[in-house]
Amino acid sequence: MLEMKNICKSFPGVKALQHVDFQLKAGEIHALLGENGAGKSTLIKVLGGIYIAEEGEILIDGKPVKINNVNAARDNGISIIHQELVLVPHMTVAENIFLGREPMGKFGVDMRQMSNDAQKMLDRFGLGIQSTSLIADLSIAQQQMVEIVKAISFNCRILVMDEPTSSISDREVEQLFEIMRGLAAQGVGIVYISHKMSELDEVCDRVTVLRDGTYVGTRVVRETPRDELIALMVGRSLDQYYTRDHVKNTPVFFKAEHIDDGKKSHKRVNDVSFEVREGEIVGFAGLVGAGRSETMHCVFGLTRGSKGTVSMGGQTLTIKSPVDAMKYGISLVPENRKVEGLYHVQSVAFNSTIEVLHEFINALRVNDKREHEITQEFIDKMNTKTPSHEQAVTNLSGGNQQKVMIGRWLATKPKLLILDEPTRGVDVGAKAEIYEIMNELTKQGMSIIMISSELPEIINMADRVYVMSEGTITGCIDYENVSQEAIMKLATLETAGGANK
Amino acid sequence: MSKVKRYFKDNLGIIVALAVMIVFLYVFPRTHSTFLTQTNIFNVLRQSSTNLMLACGMTMVIILGGIDLSVGSIIAMSGVLGAAAVVWHGMPEIVGILIAIVSGVVFGLLNGFIIAKTEIPPFIVTLASMNVAKGIAYVYSGGKPIRCMTDPWKFLGAGYVGPVPTPVVTMLIVFVVSVLFLNRTRIGRHIYAVGGNNTAAKFSGISTAKVKFIVYSYSGLMAGLAGITIASRLYSGTCTSGDGAEMDAIAAVVVGGTSMSGGSGKLGGTLIGVLIIGILNNGLNLMGVNSDWQYIVKGLVILLAVYTDFLRSRKKAA
């Protein structure tokens with residue numbers, strides 16, 4: 001149905017796409033796979049009329065079409081659901097679906113007809129969403145469903161979904177896949193972009209792999225082993241995806257006892273105690289909202305009014321703010337780099353050195369040379385790919401942004417590094433590199449706390465795993481006994497008088 | 001790339017605009033003989049001096065992602081309080097000047113305190129303090145100018161240091177201090193960090209409240225200084241002086257390339273923005289354009305300057 005042939009697109013200094021081919025059949029769910037920066041989003045933007053390719057052609061039903069703006073894409077039946085949802089939060093579902101083409105009655109917009117029409121569309125998918133609800137009151141997954149309904153209402157035949165599952169729960173993913181299968185059965189072709197390999201098997205028919213802006217190949221998902229796909233993506237075989245030399249029974253080096261966020265309502269941390277040994281990677285597993293990040297925020301001095309004692313090497317620490325924590329050698333790389341980490345418009349250098357300004361700014365003297373030395377040191381250490389130190393960090397790929405973030409906190413020379421979801425939104429190649437770096441750091445004597453919702457990561461990387469549920473620790477498993485089942489059992493344990501109740 | 005080269009590259013659009021304006025005014029027959037004379041150049045600089053003071057504070061406030069609407073009213077209030085101290089209460093001029101400056105700082109501190117400690121948007125907080133400051137100026141002066149003609153009083157606004165008008169000297173000192181503060185201190189970097197991403201700054205261990213407090217206080221200090229400079233030039237503290245000054249300052253900052261969404265901007269750009277607005281005012285006067293029309297021309301020029309900058313940054317992003 002859709003054919004993109006020999007697509008080339010370059011930006012100043014970068015060839016983003018070189019002779020890329022892509023085919024989509026009607027009724028097919030086709031995955032587009034590649035590391036960050038491989039050219040997936042550029043290809044999608046060419047299809048959506050946001051970028052215009054310098055070479056190549058796009059055929060729909062065998063006929064060449066010109067897509068040089070967003071409306072042309074829509075007229076050709078192409079809809080794109082971006083990773084960041086573009087719904088208006090304070091308007092209703094119906095208003096969002098009909099945004100810009102509201103049905104007009106005698107006195108302006110006919111609200112009733114609009115709600116009814118929207119409700120009909122929603123019901124067709126059995127979504128259980130009211131067309132009169134506000135978008136802001138829906139979950140992220142429900143908002144995604146609304147986006148899909150909106151796309152379908154434009155009679156779209158080609159639906160592109162950019163990482164739709166990155167922020168929704170497993171049950172919601174299942175519902176999303178149901179809808180995708182339903183749409184495919186009606187003959188809609190779906191292009192599906194995701195980092196999660198496990199989802200491909202479940203929902204996709206074929207997969208096209210891109211690497212460094214070039215076309216690598218197209219495979220039938222069911223006939224292709226996962227290792228082969230990873231190898232295609234990174235361009236080298238992955239003998240060892242997870243690099244970890246486990247340690248056991250090293251001396252205890254850090255202790256947190258009776259950590260409590262001190263909140264009366266919406267309590268997330270309830271009497272949590274744990275310890276970290278020298279050179280260990282300690283995993284923190286649990287469901288979203290179990291209080292893992294919140295516990296670490298207490299330890300790091302971010303939560304006002306939190307209680308509990310923290311000691312390092314037998315000495316009790318007084319931590320009232322992140323500055324205190326960093327002084328003692330504790331650093332925390334936050335979970336959500338967009339919201340909590342990056343200074344988007346600022347340069348890589350600015351982002352790398354914001355914690356260590358005292359090393360080169362003193363008495364109105366800025367030592368530029370030192371600033372760039374520090375920046376370069378952590379670019380090298382993390383193997384970050386950036387064209388220059390002055391590049392705005394927002395222009396880097398997700399993996400490289402994450403490396404800048406980890407580098408920033410490594411610059412404080414921590415003894416204990418807390419990594420909250422260190423590989424979220426990061427491609428497989430960069431993931432493997434981050435694991436390797438973590439292993440290397442612990443060999444040099446650093447201890448790491450790793451909060452992660454990806455069980456394979458926890459199981460393969462952590463020496464010991466604490467599992468949390470409803471604000472308390474429900475168990476601790478060492479690497480020899482760890483398994484998905486063991487973790488999930490503890491993670492779903494009902495705690496007596498759970499913290500959230 | 002050297003710093004000078006970089007400066008020209010970053011500000012190319014507005015530098016060209018400034019150059020075009022200067023060349024035009026030099027070539028234009030009606031202004032040819034007057035525009036590039038020493039008297040007129042000092043005139044432009046003197047008229048721009050208070051705007052640059054305000055704009056220095058405003059640049060930091062806007063980089064922080066905020067806005068300070070109160071500076072215009074603080075000009076009126078500090079001028080009135082300073083003049084009243086000297087004329088009505090017989091204090092020495094230097095005390096009057098200090099009172100004026102301190103009153104500006106106090107308002108800045110109040111703005112900073114409320115903005116740092118609460119979630120109230122800076123627009124609202126400074127809108128409120130704008131009204132309060134204006135009110136104080138009217139109540140205290142009874143709506144009439146407080147005349148003060150002594151030589152020490154006139155020095156700051158109408159005096160000279162050698163051949164150079166005092167406000168031009170003050171302006172240069174203020175500019176250098178502001179540049180050092182924003183570019184050469186840790187607090188300066190923290191301003192960019194808080195404006196760029198407030199949550200990330202908290203995770204970085206930056207005291208966002210402290211940074212906000214300092215920046216709004218600095219803006220208040222600038223307003224107090226501008227207030228006493230104007231009161232000195234007018235030989236009086238007047239409750240109508242400084243009307244609309246906050247808008248000229250914001251315009252200069254924005255023309256200078258600082259983004260209203262915070263996190264980025266440079267004082268070097270603001271300097272050019274101030275000069276563009278100063279020369280525009282001066283040039284329109286020399287050309288004999290009716291003052292009512294001047295508003296319209298000024299508005300369009302601001303829009304044009306920002307639009308060309310927008311085009312340039314879009315080109316850079318693509």
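This is a predicted model: local features need pLDDT of at least 70, side-chain atom pairs count only at pLDDT 80 or more; totals for chains, interfaces and linings use all residues.
What should the 20 residues of helix α14 of chain B span at 1.5 Å a residue, and how far apart are its end C-alpha atoms?

**Figure 1. Helix α14 of chain B, residues 267-286.** Residues are numbered from 1 along each chain as its sequence is written, and chains are lettered from A and ligands numbered from 1 in the order in which they are written. Helices (H or I, at least four residues) and strands (E, at least two) are DSSP runs, numbered from the N terminus. Of the 20 residues of α14(B), 17 are buried, a term used where 20 or more other C-beta atoms lie within 10 Å of the residue's own, with exposed meaning 12 or fewer and partly exposed in between, and with C-beta atoms placed from the backbone. After the helix comes B:G288, which has a positive phi near 75°.

**Figure 2. Helix α14 of chain A, residues 398-410.** This helix has 13 residues and reaches 18 Å from its first C-alpha to its last, close to the 18 Å expected at 1.5 Å a residue. α14(A) is mostly covered, with 13 of its 13 residues buried.

**Figure 3. The contact between chain A and chain B.** Chain A contributes 23 residues and chain B contributes 17 residues, where two residues are in contact if their C-beta atoms, placed from the backbone, lie within 7 Å. On the side of chain A that touches chain B, the elements giving two or more residues are α10 (322-327), α11 (337-341) and β20 (365-366). That side of chain A is made up of 15 nonpolar, five polar and three charged residues; Ala, Val, Leu, Ile, Met, Phe, Trp, Tyr, Cys and Pro count as nonpolar, Asp, Glu, Lys and Arg as charged, and the others, Gly among them, as polar.

**Figure 4. The domains of chain A.** Chain A is divided into domain 1 (2-234), domain 2 (240-329 + 415-429 + 447-496) and domain 3 (338-413), with bounds that come from an automatic or database domain assignment. The centres of domain 1 and domain 2 of chain A, taken over C-alpha atoms, are separated by 36 Å. Seven residues of domain 1 are in contact with four residues of domain 2, and the side of domain 1 that touches domain 2 divides into three nonpolar, three polar and one charged.

Figure 5. Strand β6 (residues 78-81) of chain A pairs with β9(A) in the parallel sense over four bridges, and here A:I78 stands opposite A:I158; strands count as paired if DSSP finds at least two bridges between them. β9(A) also pairs in the parallel sense with strand β10 (residues 189-193) of chain A, over five bridges, and A:V160 stands opposite A:V191.

**Figure 6. An open sheet of four strands in chain A.** The strands follow the order β14-β13-β16-β17, and the pairing is antiparallel. At the edges are β14 (272-277) and β17 (315-317) of chain A, each of which pairs on one side only. Strand β13 (residues 252-260) of chain A pairs with β14(A) over five bridges, and A:V252 has A:R277 as its bridge partner in β14(A). Helix α9 (residues 292-299) of chain A packs on the sheet, touching β13, β14 and β16 (307-312), and its direction makes about 105° with that of β13(A); axes are lines fitted to C-alpha atoms, for helices over the stretch in contact, and angles run from 0 to 180 degrees between N-to-C directions.

**Figure 7. The hairpin of β23 and β24 in chain A.** Strand β23 (residues 464-469) and strand β24 (residues 472-478) of chain A pair in the antiparallel sense over six bridges, with A:T472 as the bridge partner of A:S469. Two residues lie between the strands, and A:E470 in the turn has a positive phi of about 50°.

Conventions. The expected span of a helix is 1.5 Å times one less than its number of residues.
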